[in-house]
Amino acid sequence: MFPKIVQVVPTQEHTVYVYFEDGKIVCYDVMPLLEKEVFAVLKELEYFMQTCTIMNDTLAWDVSGNRDNTKCIDIDPETLYALEAVKEKIA
């Protein structure tokens with residue numbers, strides 16, 4: 001069991017800062033995935049930023065726009081937690 005994700009903050013570089021309840025922060029780079037068909041919709045930056053959220057207890061994009069957990073793009077929380085911790089990015 002991995003700590004709960006409490007916040008996700010997308011950036012203009014197609015990365016997302018993921019904050020876990022145990023204090024760990026990781027930065028997930030979505031750019032390598034954008035050429036895959038399922039992720040192609042996230043190429044449009046405004047859409048990427050606006051739909052980024054927490055669903056299914058992990059980083060997700062609410063592609064249906066109605067918070068339907070079965071109609072989202074999400075990332076395995078184990079993949080996220082395994083990333084190296086980073087320092088919080090201050091804008």
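Let's start with a pair of charged side chains: Glu 35 and Lys 43 meet in a salt bridge, with 3.6 Å from N to O. Keep in mind that we are looking at a predicted model. How many salt bridges does the structure hold? The structure holds one, and the partners are Glu 35 and Lys 43. In general, side chains of opposite charge can pair when their charged atoms come close.

Now, are these two partners buried or exposed? Glu 35 is exposed, with a relative accessible area of 65%. Lys 43 is partly exposed, at 40%. That value falls in between because the cut-offs are under 20% for buried and over 50% for exposed.

Lys 43 also leads us to our next residue, His 14. The side chain of His 14 reaches the backbone oxygen of Lys 43 at 3.3 Å, and it reaches the backbone oxygen of Leu 42 at 2.9 Å. Where does His 14 sit? Look in the loop between β1 and β2. Setting aside residues up to four places away in sequence, His 14 touches a list of residues including Tyr 28, Asp 29, Val 30, Leu 45 and Phe 48. For a sense of scale, find Ser 64, which is 50 residues from His 14 along the chain; their C-alpha atoms are separated by 20 Å.

Beyond its neighbours up to four places away in sequence, Thr 11 touches Tyr 17, Leu 45, Phe 48 and Met 49.

As a rule, in soluble globular proteins, nonpolar side chains tend to be buried together. The largest nonpolar core here has 20 residues, and Val 16, Val 18, Leu 59 and Trp 61 touch the most other members. Which elements give two or more residues to this core? They are β1, β2, β3 (25–29), β5 (58–61) and α2 (77–81). β2 gives the most, with three residues.

Have a look at Val 16 on your screens. Leaving aside neighbours within four places in sequence, Val 16 is in contact with several residues, among them Val 8, Val 26, Cys 52, Leu 59 and Trp 61. Phe 48, which we met around Thr 11 and His 14, is in contact with Val 16 too.

Methods:
Residues numbered from 1 in each chain as written. Predicted model: local features only at pLDDT ≥ 70, side-chain atom pairs only at ≥ 80, totals over all residues. Heavy atoms only, no water. Contact = heavy atoms within 4.5 Å. Helix = DSSP H or I, 4+ residues; strand = E, 2+ residues; numbered from the N terminus. Polar contact = N/O pair within 3.5 Å; in protein donor to acceptor, adjacent residues only side chain to side chain. Core = buried A, V, L, I, M, F, W, Y, C linked by side-chain atoms within 4.5 Å. Buried < 20%, exposed > 50% of the residue type's maximum accessible area, 1.4 Å probe, protein only. Salt bridge = Lys/Arg side-chain N within 4 Å of Asp/Glu carboxyl O.
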